[in-house]
Amino acid sequence: QKTGYVVNNMLTLPIRHMVDQSRAVGVIQVLNKLGEPGGFSQQDEMELEKFSMIISDSFYRQRWRALESSAKLEQESLALLATVNVEAPTKAQSRPATAVSSSGTLNPTMPFVWRQEEEPPPEPLFKSCADPDGNVPSPMHEEDLQPPIPETREVVVGFSSQSSTPPEVARSFIFDTLSYTKDELVLMVPMMLEDINVVKTCGIMADRLRGWVFAVQRSYRNNSFHNWFHGFSVFQNCFSQLYACKMVGLRFVDIFAVLVAALCHDLDHPGVSNSYLVEGEDELALRYNDQSVLENHHAFLACEILRKEETAIGACMPKSEQSCLRRTVVRSILDTDMLRHNDLCQQTVSRLGSANKEDATPADRQFCLSMLLHTADLSAQLQPFSCAAAWEERVSQEFVLQAELEIEAGRTPAPFMTFDMGDIQQRGKLQRNFIDYVLVPMWDPYTQLRPFLRPAFARLLANRAKYDYRSIHGCDAPPEVHNVNEASSGSAPDRGRSL
């Protein structure tokens with residue numbers, strides 16, 4: 001009454017402790033949003049949440065900077081810092097066991113396991129997977145899930161400001177990345193890494209992890225297909241494969257490396273192919289001598305981000321494991337070059353029926369990781385058709401743009417890039433052929449080697465039939481057409497099987 005100031009709307013959020021998210025160390029409040037009578041929106045809440053995280057991070061770094069500077073990279077000090085830089089797990093049975101040696105120090109080379117052997121395996125998360133349109137699966141026992149799997153898209157978004165764990169659907173092979181915003185996906189990455197327990201096991205500091213994720217996101221260009229959404233989609237697919245089964249022969253440092261490689265595998269992608277850069281004598285092609293030009297560039301940038309102090313998420317590991325991390329990241333990204341595709345497919349076929357599928361030699365581990373990343377990179381067409389078709393449209397837009405650039409430069413584009421976006425028949429034919437000649441030769445033997453993914457292969461074949469319908473009729477089939485195998489192609493991954 002004295003000042004005449006009126007509060008029309010208010011948005012208030014807690015500033016949470018960086019280590020213990022259940023503790024509030026402050027409050028941030030904004031008043032009277034201008035320009036919109038409806039008051040503050042959900043997007044405003046997300047923006048304020050990010051500002052709150054920055055404040056919390058600043059408080060945290062001021063508190064621990066003296067300890068970090070005096071630690072001088074001694075193993076005991078780094079182990080202590082790693083312990084206080086991660087959040088406590090919420091459910092022991094929902095994340096891997098932590099790799100700590102008998103002396104209490106971190107040991108990323110210990111075998112990767114999802115749980116202690118004495119713990120009984122949990123009930124399957126899903127009794128059935130999403131329907132062909134990508135609806136969220138229903139939980140097996142809703143009372144056992146905290147929080148339960150959301151029923152609506154709006155509730156799923158809510159995790160970004162209310163929870164320190166990823167939504168359960170992020171663990172499923174069916175995940176519609178394009179239905180989320182960039183910021184939502186950025187917030188989800190640390191949750192997923194903590195969920196699989198590489199944060200604590202590999203000593204990842206929380207402030208560096210946040211900085212790393214933002215640096216990676218900013219390093220992607222706004223292409224139609226090769227962008228941050230694709231990078232996260234590949235990361236999530238790797239995560240879901242790892243979550244779906246016990247990984248035999250892999251170590252925590254391997255899991256850490258392949259997930260880093262997945263999120264970074266297309267950094268600064270220009271939206272054109274290697275052949276375009278080579279034929280145009282691009283600076284990148286000259287730098288890498290025409291060999292895996294883009295893959296070398298992506299791997300270089302991934303390692304550069306890992307080297308910077310504020311984003312050095314592997315710095316708490318021993319030097320030997322840091323070297324292993326870098327080698328594995330580089331090799332896994334280089335193996336995403338499509339020139340390696342046939343060789344990887346042949347290696348997969350050669351391993352079918354092998355008497356010993358659990359070898360843990362360095363070559364076996366790298367093959368497992370390279371195939372994990374390569375299949376994730378080519379997993380879009382194994383999603384429900386509505387999601388798969390959206391990715392097809394995006395990659396088609398990039399092809400058309402490259403063809404236009406090549407024509408302007410007086411070069412002849414590849415035949416599969418010369419079409420009109422409105423030509424649904426031609427696009428259907430091209431995608432059907434891509435499935436026949438690229439995806440099926442890889443996913444068929446791979447899902448025989450990894451049986452828990454076989455339902456996803458059935459979904460790929462169902463999508464292939466729909467693209468074939470497009471190639472004939474120039475439109476999508478009515479809903480009642482091509483329903484064969486839809487039920488089986490939507491079944492959920494089965495945990496507990498070995499790779």
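This is a predicted model: local features need pLDDT of at least 70, side-chain atom pairs count only at pLDDT 80 or more; totals for chains, interfaces and linings use all residues.
**Entry 1: Asn197**

Asn197 counts as buried because its relative accessibility is 4%, and the cut-off for buried is under 20%. I placed Asn197 in the loop that joins helix H5 (182-195) to helix H6 (198-201). I then read its backbone: phi is positive, about 75°, although Asn197 is not a glycine. I noted this because most residues other than glycine have a negative phi.

**Entry 2: Asp290**

I turned to a further positive phi, that of Asp290, which is about 65° although this residue is not a glycine either. Asp290 belongs to the loop between helix H11 (283-287) and H12.

**Entry 3: Ser219**

I located Ser219 in the loop between helix H7 (206-218) and helix H8 (228-243). Its relative accessibility is 23%, so Ser219 counts as partly exposed. With neighbours within four places in sequence left aside, I found Ser219 in contact with Leu267, Asp268 and Ile305. I also checked the pair Ser219 and Ala302: they stand 83 residues apart in sequence, and their C-alpha atoms are 9.5 Å apart in space.

**Entry 4: Arg365**

I found Arg365 in helix H15 (residues 362-377). Arg365 is charged by class, yet it counts as buried at 16% relative accessibility. Which residues does Arg365 touch, not counting those up to four places away in sequence? I listed Gly249, Leu250, Arg251, Asp254 and Ala360.

**Entry 5: cysteines**

I searched for disulfides and found zero in the structure. Cys345 is buried at 8% relative accessibility, and Cys368 is buried with a relative accessible area of 9%.

The largest nonpolar core here has 90 residues, and Trp212, Trp228, Phe232, Leu259 and Trp443 have the most contacts inside it. Helix H9 (residues 252-264) gives this core its largest share, 12 residues. Apart from this core I noted another, of eight residues, including Val272, Leu277, Val293 and Leu294.

I then followed Trp443 on its own. Not counting residues up to four places away in sequence, Trp443 touches Phe173, Gln241, Thr375, Leu378, Ser379, Leu382, Leu453, Arg454, Phe457 and Leu460.

**Entry 6: the largest pocket**

I read about 1,300 Å³ of space in the largest pocket. Its lining holds 48 residues, and those closest to the pocket centre are His226, Met338, Phe399, Phe416 and Phe434.

**Entry 7: the whole chain**

The protein has 19 helices and four strands. Of its 499 residues, 51% are buried. Among contacts with a separation of 6 or more, 72% are between residues 24 or more positions apart.

Methods. Residues are numbered from 1 along each chain as its sequence is written. Side-chain values use heavy atoms; hydrogens and water are left out. On a 1 Å grid over the protein atoms alone, a cavity is a set of points where a 1.4 Å probe fits but cannot get out, and a pocket is an open set with protein on both sides within 12 Å along at least five of seven lines; lining residues have an atom within 4 Å of a point. Grid points are joined across faces, edges and corners, and a volume is the space filled by probe spheres set on the points. Helices (H or I, at least four residues) and strands (E, at least two) are DSSP runs, numbered from the N terminus. Buried means under 20% relative accessible area, exposed over 50%, partly exposed in between (1.4 Å probe, protein chains only). A disulfide is a pair of cysteine sulfur atoms within 2.5 Å. A nonpolar core is a set of buried Ala, Val, Leu, Ile, Met, Phe, Trp, Tyr and Cys residues joined through side-chain atoms within 4.5 Å. Contact means heavy atoms within 4.5 Å.
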